[in-house]
Each structure stands twice: as structure tokens, then as C-alpha cells.
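Welcome, and please load the model in your viewer. We will go from stop to stop, with something to select at each one.

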Amino acid sequence: MAKPLNKNLHRAHRAKKDEFYTQLVDIEKELKHYKEQFRNKIVYCNCDDPFESNFFKYFAANFNALGLKKLITTSYAGSPITGGQLSLFDVKGLKTAKKKEPLKIEINEVKDFNSDGAISLKDIEWLLKHDANVATPLKGDGDFRSEECIELLKKADIVVTNPPFSLFREYVAQLVEYDKKFLILGDQNAITYKEIFKLIKENKLWLGYDNGGTKWFQVPNDYDIPTESRKKIVNGVKYFSMGRILWYTNLDTTKRHEELVLYKKYTPEEYPDYSNYDAIEVSRVADIPMDYDGVMGVPLTFIDKYNPDQFEIIGQTHSGDTSPEVEALRKDPNHRHRGIVKGEKKEKYARILIRNKKVKK
Ligand SMILES: C[S@@+](CC[C@H](N)C(=O)[O-])C[C@H]1O[C@@H](n2cnc3c(N)ncnc32)[C@H](O)[C@@H]1O
């Protein structure tokens, strides 16, 4: 039976909103920190049309520098062509500008295939044009959840991409299920999703390095961006900045072993208690008191500074956090959501609840 029209429209709208493309500069800025961890590894980019994705471009261009064993990318039937960052549209039988054909690309070696004296993306182009085994059509639509993509996932060591944000929970759950290393982009709000937060709390997922500032993503020209400040057009190419976009990973970082330097001392005046949680309100991460031994409510941005040797994450001031640790902190059954600072009435403070492990009780 056909799906109701509005459901289909909704789905199409949502899918369209997933079409934004990571810039090479952002990939380079992050990936430079992990070079050693990629040596001899099979990298899989499973939401990446090689003709559009700078993840493909990055790994293909740096195949030898990183010492990769293999690079696999698969593309998705639903993704439109945005204008070809790689001008490979004339690769016959692989792709035409009109028809979208989900593809698998597997690269095992990059050398001076075209004998021009240098190894560059031109050699990748040569490889795609001359070796029919490198790029093959997928049987299905290239959905990361499809059987053939899961088979590729099983082979992979590290998955790196910017996945569809509308499927972020499911995407991460699959990576965890198959016990994969990963480095992926996601919205800052994903931290608060129950499933993602649980992984962060259990130290199975953390943030990468480059999580500050604005990242701009290339979008199709008909992509609707109502807010002017989030839109720019450079050389006819449309870009969108969509709030805070972060790197989520389970690859080790030096950053997560660095201690946050604390300089403030606790006073009850500066750090008011909540009336509905047994914790104090800390409005800025930089102001976390160095000597407080109880539970503190801190802004979401704390996660970017989180060192599991220094702090313990207890939970969130959110009605959805029903973990025993958070239940034990609740003081008011009628106000189970955000923190209320004593003297105020509103459930206002959406906070991460933490404890400093280094302060003795
Ligand atoms: C945010 S875009 C990023 C594209 C590319 N990875 C990049 O960083 O430039 C997400 C991509 O995932 C694709 N996609 C959407 N749903 C998918 C699915 N179920 N399986 C695989 N890819 C999907 C979209 O077509 C889109 O190209």
C-alpha cells in the first residue's frame, strides 16, 4: 500500500535536509590529529558519494601518507548531485549527471598510475577510469543499514564520515553494534540524546578536537536557508552553517587526557543549589570550582573539555534521565526536568551533572 502522501513528503523533506557536504579544510583540521591511528587500517566512508564527498577525496589523496590498507566508500541513491567537487562525471558507465547510481569504491593501492611523475588525485581518476574492479554498482540503494553495506562495515577498521543527522542515533548504534572505531560529525544536540549520552557517560564515545567556531557546509543551490547569517555564497556555491557541529569519536585523543585547569573556589553565594536536584549550578565551564566535592550542573559545552580521569559524568537535568544516579539526586517529584535554582520557579537549567574525581569527600 502506498504511504500517506504527507508522510512521504515529510521523509523527502527530511532526506533533503541531510544533504550538506563537509569541506576539505574541516576534514584536514580534524584528521591531522589521528595520523598514527590510521596506519594499515581499512577505512570505510559509508555515506559518501565519491563524486561529492571530500572524505573520499581526503583519504584517496592521503592514502599513502596515512599508510592505509584499503579505502572503501559507498554512496546513497537518495543523494542528489551537487556539482562535483571531483570532475569525474565523464567516467563512462560509472555515473552520468542525470542518473544516480549507488556505487561502491574499493581502493587497495595508490601509485603513479598515469605515469606523470607524481601521485595525486589524477591517479585516482585514472584508476576509476581504467580499472573496472575499483568502482562497482551496488545491488541496493547504498543505505548504510543494507546487508551489503553491513558486510563492508564488518571488514572495516575505522568509519569516517558526516552521516545523515536525521538518522544519527541509528547510525551510531550500528557502529557500536559492530564494534567499530569511528570519527563522525554530528550536531551538538546529539550529546543529549539518551542513547548517545549513555555512551559518553560510559566512556565509549567522546568528542574530537575541532569543535569550536563555525563550520560551513556546501549545500545544493535549492537548499532552503531562512536565516541570512547562516548562508553564504562563494563563487556561485552555496554554504550553510548549521550551529555547533562536533566530531564524535572513539579513537583516542590527547585532548581527553588533558586536565581542565580550575581556578575558582566554591562559595554558596556564587554557586547556588538547585531546589529539585542535590547539586549546585555552575553557569560556565571555566568557573567549575576546584574544591567542590558534590555534584555540579554544568553547560553542555563541558563535554568538549571532559577528561574521564578528572571528572565523572553522573547524568543530565532532564526528565528523560531516569538512571539510578540521577534519580538519587532528585529532590522534588513535581519538578523532574531542568534544574531550578533556589529562589527561582522555572525549570530553566539544562545541565550535565558531573563530579570532580580529584576532590576528596
Ligand atoms: C550530511 S550529508 C554528508 C555527505 C558526505 N558524507 C559529506 O560529509 O560531505 C549525509 C549523506 O548521507 C546520505 N544518506 C542519507 N541517508 C542515508 C542512508 N540511509 N544510508 C547511507 N547514506 C545516507 C545523504 O544522501 C548525504 O549525502
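Predicted model: local features only at pLDDT ≥ 70, side-chain atom pairs only at ≥ 80, totals over all residues.

**Stop 1**

Residues are numbered from 1 along each chain as its sequence is written.

Now show strand S10 (residues 237-241) together with S8: four bridges join these antiparallel strands. Strands here, like helices, are DSSP runs numbered from the N terminus (strands E, at least two residues; helices H or I, at least four), and two strands pair if DSSP finds at least two bridges between them. Which order do the three strands of the open sheet follow? The order is S8-S10-S9, with antiparallel pairing. Strand S8 (216-219) and strand S9 (231-234) are the edges, each pairing on one side only. From one strand to the next, the twist averages 35°, taken between axes that are lines fitted to C-alpha atoms, with angles running from 0 to 180 degrees between N-to-C directions.

**Stop 2**

Next, pick Leu71, in strand S2 (residues 70-74). Leu71 is buried because 27 other C-beta atoms lie within 10 Å; the cut-off for buried is 20 or more other C-beta atoms within 10 Å of the residue's own, with C-beta atoms placed from the backbone. Not counting residues up to four places away in sequence, Leu71 touches Val43, Phe59, Ala60, Phe63 and Ile107, where contact requires C-beta atoms, placed from the backbone, within 7 Å.

**Stop 3**

Move to Phe59, which contacts Val43, Cys45, Leu68 and Leu71 once neighbours within four places in sequence are left aside. Colour H3 as a whole: six of its eight residues are buried, so the helix is largely enclosed by the rest of the structure. Among the buried ones are Phe55, Phe56 and Tyr58.

The largest nonpolar core has 76 residues, and Val43, Phe59, Met296 and Ile354 have the most contacts inside it. Such a core is a set of buried Ala, Val, Leu, Ile, Met, Phe, Trp, Tyr and Cys residues joined through C-beta atoms within 7 Å. Helix H3 (residues 54-61) gives this core its largest share, five residues.

Methods. Buried ≥ 20, exposed ≤ 12 C-beta atoms within 10 Å, placed from the backbone. Contact = placed C-beta atoms within 7 Å.
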